[in-house]
Each structure stands twice: as C-alpha cells, then as structure tokens.
Amino acid sequence: MADNGEEKLLAVARHIAKTLGQNDTMADDILQIFSNFDGRFSREKLSENMVDGNNPRGCAVLDRALHSLDRQISQYVALDHPIWAHSADSSAFLDAIDELIRTIRDWSPMAAEKSVGACLARADDLMQQAMFRVEDEFRSLMDRGADSFELGRNNHESTGNLSFDSDDDNEENEEGLLHNGAALDHQIPVAQPVTDYDIVIDALPSGTINDLHEIAKRMVAAGFGKECSHVYSTCRREFLEESISRLGLQKLSIDEVQKMPWQELEDEIERWIKAANVSLRILFPSERRLCDRIFFGFSSAADLSFMEVCRGSTIQLLNFADAIAIGSRSPERLFKVLDVFETMRDLMPEFDSVFSDQYCLVLRNEAITIWKRLGEAIRGIFMELENLIRRDPAKAAVPGGGLHPITRYVMNYLRAACRSRQTLEQVFDESNVVVPSLDDRRVSSSSMSVQMAWIMELLESNLEMKSRIYRDSALCSIFMMNNGRYIVQKVKDSELESLLGDDWIRKHNAKVRQYCTNYQRSSWNKILGTLKLDNSSLASNAIAKSMKEKIKSFNSQFDDVCKTQSSWVVFDEQLREEMRISVSRLLLPAYRNFIGRLQCIPEIGRNVDRLIRYGPEDIEARINELFEGGNGSSGGRK
C-alpha cells in the first residue's frame, strides 16, 4: 500500500515537471527542488519515463546541473589560497562535491543513453578536478595541523612540550623551529622525551581531524579512497619515521647489523629496545587512533592507511630483531639477545591489539615468527656454550691445582643467565630438544633444570680430563676438590640451587669430601707408614736401628711434602682450614707416639735430640703453612 502511495507521489512530481518542462530552466529547478526535498524524489526516479532516446529534455536537465556544479567547483579549484582557510568556502566546496556525487549516482543507471553517457563523462572529469584539489587540501591540512600537535595522556590533558629525542641528540634550535610556522613548511614535527608509556599523542588538533574526516568521507564516496589513504599515509609515515629516528635508531639492513662490531651493536640494541617500546606502546596506538577518527565509518580505508603508515617503521624494528636472531651464537651475546627476546615477548600484546586487522596480519605474524626465532637463538647460544666446554683443551695445568678459568667462566656465566630464569624457562619449555645421558630421576624436572644439569656434567667431565695432566695424584685431587668446591658454592648462592636441587648439592659435596680423602691418602699414608712401630720382640739393637731409619725417613719425606705442597692452593678458606686440621689429626698422634717411643730406647741415648728434627708443635706449624699457593694469589677465587 505504501509503495502505491509513493508511486502516485512520484507520478504527480513527474507530471508537474513535464507541465513546467516547456521551460527547461523551470523544469530543472523543479527537479532540483524535489530532489533536495525528499530522498524518495531522486533524480533517477523523477527522470524515469522522462528521459529516452527521443526526448533530450532530461539530458538537458543533467547538462544544466553539471554546468552549475562546474561553475561552483571550478571557482574553488582555481583559488590560490587554501580553501579550508575559511570555513564558509570549505563548506560550500564540500556541498558542491556532495551534489556532484549525488548527480553521478542518480544518473549512472541511464549511462547507456548516449547523451547521458556524454554528460556523465563530463561529470567524471569535473569530479577528478575536484578530487585533485581536495587531495591537495587534505595534504595541506595534514601538514599544517601537525605543526600544532600536542601530547596528551589518556585523559587528554596536556603533558607539556615533550620530545622523543634520543639522549645523545643535541638539537639546540628545535624548540624555536617547532613553533615557527613559516620555518616548518619543510620540517617534519616529531613528538617531544617521555618518562612513561601511559600517553597518547594527539598529533593533529581536533578541528583539523574533523576537517580531514569530512574530506576523507567525500573522497571515499567518490571512489578516491585509495588516493586519500595514500596522501594520509605518506604524511603520517614521515612523522613516524622521523620520531623513531629521533630515538637514535639507525636504518640498518640485516647485513649491516650483522657486520657491526659487538660493542657498537650492544649500544644499538639499547636504542632499539627504547624505540620498540615507544613505537608499540605510544606511536603506533596513537596512529591507529588517528586513522580511526579520520576514516571513521570506513574501516577498510582506516586499516589500509594505518598499515601503510606503520609498515616501514615496523619492518625496520622487526628486521633489526631478526638480524640479532640469526646472528652469531657466541655465548657472550646471550644477555643482549635475552633483552631483545624479552622486549618482543612483552610487546606481543601490543602487536596483537594494534595490528589486529586484515592488512596488518602479515606484520603480526612476522613479529611472532621473529620472537620465536630469538628463542631458537638463545637455545643455540647454550648449545655453543656446550661446544665451548667440550672443545676447551687440556693444555697447561693450573699452578697449584687452583681454579681453572673454564670453571670460573661457566659458573659465573650460568649464575648471570639464571637472573633471567623466567625467560629461560619459557625458552627451554618451548623446545623439544632431548638432552642425552641424564638419568630418569630428572624426567620430571623443568627443561631449564635439565639444561643446567647437563652443562654441569659437561663441565665436570672436562675438568676430569684436565686433572689427568697432573702427574701427582695428590695434586690431581686438590685440583678437582678446588673446582668442585667452587662449583657447589656458586650453585648455592644463586638460582642454580633451586634448579639443580638439594640432592645435586649433597652429591657434589660428597664428591668434594672424597677428593679431600684421596689427597690425604696420596700425600700422607706413606709418611704415616714410616711412623709405624716395630714388633717389640726384636732385639733392642735392631729396634734402635730401625727407629733411627724411620725418623730419618720421616724427616726427609715430611720436608719434601711441605716443600712440594707449599705452592699448592686451596682457595676456600674454610676448606683450607678443615684440611689442615684433618692432616694434623691424622699425623700428630702417630708422630707423638713415635717420638715418645724413640726417646725411651737406651741405645739411642743422647743422640735422640739430633734425630728428632721437629717437635709436634713444629709439625703443626708446617702443616698450617700448606695450601697458601706460594704468594697466596695463584688460583684465587673470584
């Protein structure tokens, strides 16, 4: 019923237009009035049955409408000053464009008619002229608006003139340039240093954003959405790239990053971390917000524009991280690679939220891929550490059986690495690598615990190989005891303790005690043998002779041991004292008993003082001088 009523209304409108159509100007005016009055009176509907091949009057109406629009639009296209300098001009210009868009839309269904098609071709040319000018106005608004950007927090309160400049930059005249409109024609403004990430950059004033939105709405409606997106992304991309440059991050290829000296690369990594955080937490979200406001209602154009703005800077950040991931696996690089990995990991929520649309999917996926590649790099560095331990040759023996450099290096390295325990556990848990030759008791352990235990086994095996360099078995035991003690101490005062567990520590403390026992057996058992008393059933002369030989042998052997072991070292003060006490308890009772018996032999008589070179106190004093390492520095602990 409603459709019939509308059809009757349209029929009346057509009748009026035809009646007045004897005067073309009046007919055009009538059509214009009806079209503006109600959406149901579109040009297409009102012109139905009025325009055909034999009736050029309808085309004349279109021609006159285009002539009027051409006159209006051309005067603005020809202006030598910005149209948006005056709100009245910009409103009139947009109204004319709206009318042109409606005209083309309403008459397009009749484009097959030759005369209408010719008129529509003119309309398209006029539209193109209008779009060229509006595109220039869009660019001009972007440039002028950026000159007065401000930084606001989430509540949009001003934070003052802040800058993202790197700490090394020395831009003395920057403040003046930023507020000198004439000097900024070719200057790209950049956001000003921040102390936290809880901010949003309003790079354009609100009024400018509204103007840009109105222009974007017309360009998209006219079929020039890609052109609008291109202009927008070109302007904003310059801003974004300059902002990142001010953070000190260089534009480097993957090859250039890999060729950088490590010390320079360490500094560049610090700058990259700062740039990545500012970009993902501040710059990119701010660009996303700006895109959404300017292209409100046109999500596809907003997504495309945002991707074009951020793609270059994002690729720059990701390429740097990728260069670190595929670079050298040298163990000393671990800690900086961990920094890059943690930065990427912590920024993954930002990658997910900021790059959530279809156009940015490839960037988000690439970020995930590079993050995982960094994890592979970390595991690769630990594999290189294992190879370094395996390949470390048994060259010269460490003087005095002290700490071997490989022990210090590996233990201090692992202690430092374990400060990033949470990250390393994440890295190793994502790996399916099976570590060989570990017993079943560790099956339930975390991947990192297994990795640490495996490195410890490699280190112990390497030290055992190095201990064979020592010809003296006692010194071999001292070497293993020193290095074993050092390993246990480093484990106990770090995260390694909880990773390896109490059983591991008890087992290795027992090994250290066994090395101590082995040392005593090798060094002092033979000497103790000289103090063994003979069978009292022997003749007194034979006993005296045997006792004389024994005391002389003891003196000689004791002197040799003390002389030899004066350069040996036990780095741990407590262990050194325990060993001295243990040797004294082993030796002194037997020695006191022996010299007591010696002094009771009548045949020796007055010669006894010449035979007894050391009293018990002298023996104890000589023992207390052992294990100092000569000058006390060889094999010291660090």
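A residue counts as buried here when its relative accessible area is under 20%. With that in hand, let's look at this predicted model. Of the 638 residues in the chain, 49% are buried. The chain has 24 helices and two strands. Its accessible surface comes to about 31100 Å², and carbon and sulfur atoms account for 48% of that.

**Some buried residues**

| Residue | Relative accessible area | Class |
|---|---|---|
| Leu-459 | 0% | buried |
| Cys-516 | 14% | buried |
| Cys-562 | 4% | buried |
| Phe-627 | 0% | buried |

Take Cys-516: its 14% is under the 20% cut-off, so Cys-516 is counted as buried. Cys-562, at 4%, is buried as well. As for disulfides, the structure holds zero of them.

**Around Leu-459**

You'll find Leu-459 in helix α17, which runs over residues 447-467. With a relative accessible area of 0%, Leu-459 falls under the 20% limit and is therefore buried. So which residues does Leu-459 touch, leaving aside those up to four places away in sequence? They are Ile-389, Ile-406, Thr-407, Val-410, Met-411 and Ile-487. Ile-487 sits 28 residues from Leu-459 along the chain, and the C-alpha atoms of the two are separated by 9.7 Å.

**The largest cavity**

Ile-487 turns up again in the lining of the largest cavity. That cavity has a volume of about 110 Å³. Which helices each supply at least two residues of its lining? Those are α17, α18 (473-492) and α20 (502-530). Besides Ile-487, the lining includes Glu-460, Leu-463 and Glu-464, along with Met-480, Gly-484 and Val-488. His-508, Lys-511, Val-512 and Tyr-515 belong to the lining too. Sorted by class, the lining has six nonpolar, two polar and three charged residues.

Last stop: Phe-627, which is found in the segment after α24 (616-623). The phi angle of Phe-627 is near 70°, a positive value in a residue other than glycine. Is Phe-627 buried or exposed? Phe-627 is buried, because its relative accessible area of 0% is under 20%.

Key. Residues numbered from 1 in each chain as written. Predicted model: local features only at pLDDT ≥ 70, side-chain atom pairs only at ≥ 80, totals over all residues. Heavy atoms only, no water. Helix = DSSP H or I, 4+ residues; strand = E, 2+ residues; numbered from the N terminus. Buried < 20%, exposed > 50% of the residue type's maximum accessible area, 1.4 Å probe, protein only. Contact = heavy atoms within 4.5 Å. 1 Å grid on protein atoms, 1.4 Å probe; cavity = no way out; pocket = protein on both sides within 12 Å on 5 of 7 lines; lining within 4 Å. Points joined across faces, edges and corners; volume = space filled by probe spheres on them. Nonpolar A, V, L, I, M, F, W, Y, C, P; charged D, E, K, R; others polar. Areas by Shrake-Rupley, 256 points an atom, 1.4 Å probe, with all protein chains shown as cover. Disulfide = S-S within 2.5 Å.
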